[in-house]
Amino acid sequence: MNDEHGTNEEQVISATKAPAGLATIALRPAVALLVEGPASVGELVAASGISRRGIEALLAGLTTAAGDEEATPGLSLADDRWELSDPLRAELIEGWALDGPSESGAFTDPELHTRFEAWSLGLDAPRRDLDHRPATHDGVAARLDVLDRHLDLRGAHVLVLGGRDLDAHALAADGRAEEVAVVDVDDSVLATLGSTGLDGRGPLLRWCDVRVGLPRSLADWADLVIVNPPFTPEGMAAFLAVATDALAGPDGRVAVTYGFGETRATLGWQVQREMMRAAFAISAMWPDVVTYAGAEAIGGRADLYLLAPTGREGTQGEAAENLYSQGPAAARSAIEADSAPLSAATEEAGPDAQVIGVRRLIGGDQAPKLRSGAVPVVDLRGDPGAWLPRALLALAAPSAVLVCDVDTADRSADPEQRDTTGGRGWVEAHLSRWWRLEPAQRAVAGADLLVARRIDGEAPASPAGPPLVGRGHANPRNVIAEWLTRSSEIDPPPTRRQARAAASDHLASLGATVRPGDSLLDLPLDRIAALLTDPAPASS
């Protein structure tokens, strides 16, 4: 379409998309029928399967666009039949690509399977403690193909909760979605996803533990959320709560993969009930769409649900501490959490102890306020490897007492080298300039008590450079820009605008592009490590 009709095309498409959102693709048969010739509302309903109200909204949108002074006129009603003028028909043909090849089938192309193989090469083995059930590449392709055939992905914002299955990479490579983002609790998965080249078209990568909450920059953002939750009621509830926070409006949709064994109907009902509690309606369900390598308890297959928000308030409470069916956290879920380690840590901290929940410390928009002279006490048991590094990035205190899961590297006579992608291994590799971890004087069964001390003894002071450590809740671009404008090492100092631009460019050069609402804690640990190594632009 030529430039003079560009605005008009957008008006027509937006007018037709507005009533149905992602479901616009279902309107395509109705639009095609109108293009062929006059049609009644009943005929348009029969052709598309869209309700009468939806068809009336479509026609109202076209009438509004056609009645605009700058738009192409030409929608008329005679004898209960709607007819398009030739100019408006031409606009709809081009705007809806009715005379071009169908885009369906993009996700079943054999070439995509080859790309899946390449993208997945660096992924670590699935983690049982996080209920990783990798879908087969064919299963992922089938899931995306079903969504592609039923939803209009053009210009959509798509969020994927859980990155191992590589849905986000396939969507980003396809290119029809305007933006694709993926969040994951496992920083090693995010690091691998970040290393797969997509020529600058890769998905936005963010860390997220659904027990802590969604990154603020992704709230009210998504048109479609693809959810791969743990197959437990608690896991479904927590993932759907985050999906709810992410949806941009009532026309958004949530695609959930879930399956249960034929003898486990009670468990299936319990998990499906969480969809209702989250105030979603099941608008569609396709059985046996996604296949798994293993997952024998569910027959190696799972169903795909498409959920629509109802606009009502869900009845879920705060996310459960444990969401998973396997691993040490699941074993603890059957009994009340042992309070002895936290009591011992509080005694270790002394009279100035201030207990801070891990969700409050590394979630939320701001760091928790500490009393003057307080010694924070943080229970990090159940840490998937991401909490300890982020707790130390967020803490603005000279010292803290931490309750951690038992570290076999410390308790073994012949310890293996620690994994540096998370946990204490990452802290030793990347935070040793700021924090020192020491065993507490008290010992307790079933947990490690650690005393964390700022090496300089004062917070939030840090080695030369922007004070990123201790300001984990701040946007790193703002922290770097503020430091640039105040640094005595730069003469003359940059303006605020120059400093923000320099900070943004520097972060982008490290693969750590940030958006408004992002915090340092939202970034993958490998990007945070790169930033701590090179915290400021070279020109400074």
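This is a predicted model: local features need pLDDT of at least 70, side-chain atom pairs count only at pLDDT 80 or more; totals for chains, interfaces and linings use all residues.
Local features need pLDDT of at least 70, side-chain atom pairs count only at pLDDT 80 or more, and totals for chains, interfaces and linings use all residues. Residues are numbered from 1 along each chain as its sequence is written, and side-chain values use heavy atoms, with hydrogens and water left out.

**View A. Helix 13 and its buried face.** Helix 13 spans residues 340-349 (helices are DSSP runs of H or I, at least four residues; strands are runs of E, at least two; both are numbered from the N terminus). Its buried residues (under 20% relative accessible area, 1.4 Å probe, protein chains only) are Pro 341, Ala 344, Ala 345, Glu 348 and Ala 349. They fall within an arc of 140 degrees seen down the helix axis, so they line one face of the helix; the arc is that of the directions from the axis to the C-beta atoms. These residues pack against strands 10 (353-356), 11 (375-379), 12 (399-404) and 14, with contact meaning heavy atoms within 4.5 Å. Just after helix 13, Gly 350 has a positive phi of about 85 degrees.

**View B. Asp 220 in a loop.** Asp 220 lies between strand 5 (204-207) and strand 6 (224-227). Its phi is positive, about 55 degrees, although it is not a glycine. Most residues other than glycine have a negative phi. Asp 220 is exposed (over 50%), at 58% relative accessibility.

**View C. Asp 288 in a strand.** Asp 288 sits in strand 8 (residues 280-291). Its phi, near 55 degrees, is also positive.

**View D. Pro 467 and Trp 483.** Pro 467 belongs to the loop between strand 14 (448-454) and helix 18 (476-486). Pro 467 is partly exposed, at 23%. Its C-alpha atom is separated by 7.9 Å from that of Trp 483, 16 residues apart along the chain.
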